Amino acid sequence: MTKHEFEVAMTCEGCSGAVSRVLSKLGDVVKFEIDLPNKLVWIESDKDVAFLTETLKKCGKEVKYNGTK
């Protein structure tokens with residue numbers, strides 16, 4: 001599985017909770033970590049970047065793809 005890094009405009013625990021909820025709905029296809037202070041989300045998945053980006057945008061936050069890690 002590829003590990004992708006995204007920058008997500010999260011400002012509080014509520015924001016990171018929203019990210020967790022949308023990613024959890026993808027099931028065990030995805031593993032993820034959230035770094036709230038640095039506004040980063042790492043996602044391990046075989047899904048394509050466009051799909052992951054659109055999923056993250058469902059939180060209502062600005063999302064930027066930083067590449068693979």
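**From Values to Terms**

Modeller: Let us begin with lysine 39, whose place is in the loop between β2 and β3 (40-45). Please keep in mind that this is a predicted model.

Colleague: What is said of the phi of lysine 39?

Modeller: Lysine 39 has a positive phi, about 60 degrees, although this residue is not a glycine.

Colleague: Does lysine 39 count as buried, partly exposed or exposed, and why?

Modeller: The relative accessibility of lysine 39 is 35%. Buried requires under 20% and exposed requires over 50%, so a value in between is called partly exposed. Lysine 39 therefore counts as partly exposed.

Colleague: Why does lysine 25 count as it does, and where is it found?

Modeller: Lysine 25 is found in the loop between α1 (13-24) and β2 (31-35). With 70% relative accessibility set against the cut-off of over 50%, lysine 25 counts as exposed.

Colleague: How many aromatic pairs does a search of the whole structure find?

Modeller: The search finds one aromatic pair. Its rings belong to phenylalanine 6 and tyrosine 65, with centres 5.0 Å apart and planes at 55 degrees. Centres within 6.5 Å make a pair; an angle under 30 degrees would be stacked and one over 60 edge-to-face, so the rest are called tilted. The pair is therefore tilted.

Colleague: Which parts does this pair tie together?

Modeller: Phenylalanine 6 lies in strand β1 (residues 2-8), whereas tyrosine 65 lies in strand β4 (residues 63-68). The pair therefore ties together parts that are 59 residues apart in sequence.

Colleague: What sits over the ring of phenylalanine 51, and how do you know?

Modeller: The charged end of lysine 47 sits over that ring, 5.0 Å from its centre. The distance part of the rule asks for within 6 Å, and the value for lysine 47 is 5.0 Å.

Colleague: How many disulfides does the count come to?

Modeller: The count comes to zero. The sulfur of cysteine 12 has its closest cysteine sulfur in cysteine 15, at 3.5 Å. A disulfide needs sulfur atoms within 2.5 Å, so this distance is too far for a bond.

Colleague: How do cysteine 12 and cysteine 15 count in terms of accessibility?

Modeller: Cysteine 12, at 35% relative accessibility, counts as partly exposed, whereas cysteine 15, at 6%, counts as buried. Across the chain, buried residues make up 39% of the 69 residues.

Colleague: Which pattern does the chain follow along the sequence?

Modeller: The chain follows the pattern β-α-β-β-α-β, with two helices and four strands.

Colleague: What makes the chain as compact as a globular protein of its length?

Modeller: The radius of gyration is 11 Å, and the globule rule gives 11 Å for 69 residues. The two values are close, so the chain is as compact as a globular protein of that length. The C-alpha atoms fill a box of roughly 30 × 25 × 15 Å along the principal axes.

Colleague: What share of the contacts with a separation of 6 or more comes from residues 24 or more positions apart?

Modeller: Such residues account for 68% of those contacts.

Note on methods:
Residues are numbered from 1 along each chain as its sequence is written. This is a predicted model: local features need pLDDT of at least 70, side-chain atom pairs count only at pLDDT 80 or more; totals for chains, interfaces and linings use all residues. Side-chain values use heavy atoms; hydrogens and water are left out. Rings of Phe, Tyr and Trp (its six-membered ring) pair if their centres lie within 6.5 Å; planes under 30 degrees apart count as stacked, over 60 as edge-to-face and the rest as tilted. A charge sits over a ring if NZ of Lys or CZ of Arg is within 6 Å of the ring centre and within 35 degrees of the ring normal. Buried means under 20% relative accessible area, exposed over 50%, partly exposed in between (1.4 Å probe, protein chains only). The radius of gyration is taken over C-alpha atoms; the globule rule is 2.2 Å times the number of residues to the power 0.38. Contact means heavy atoms within 4.5 Å.
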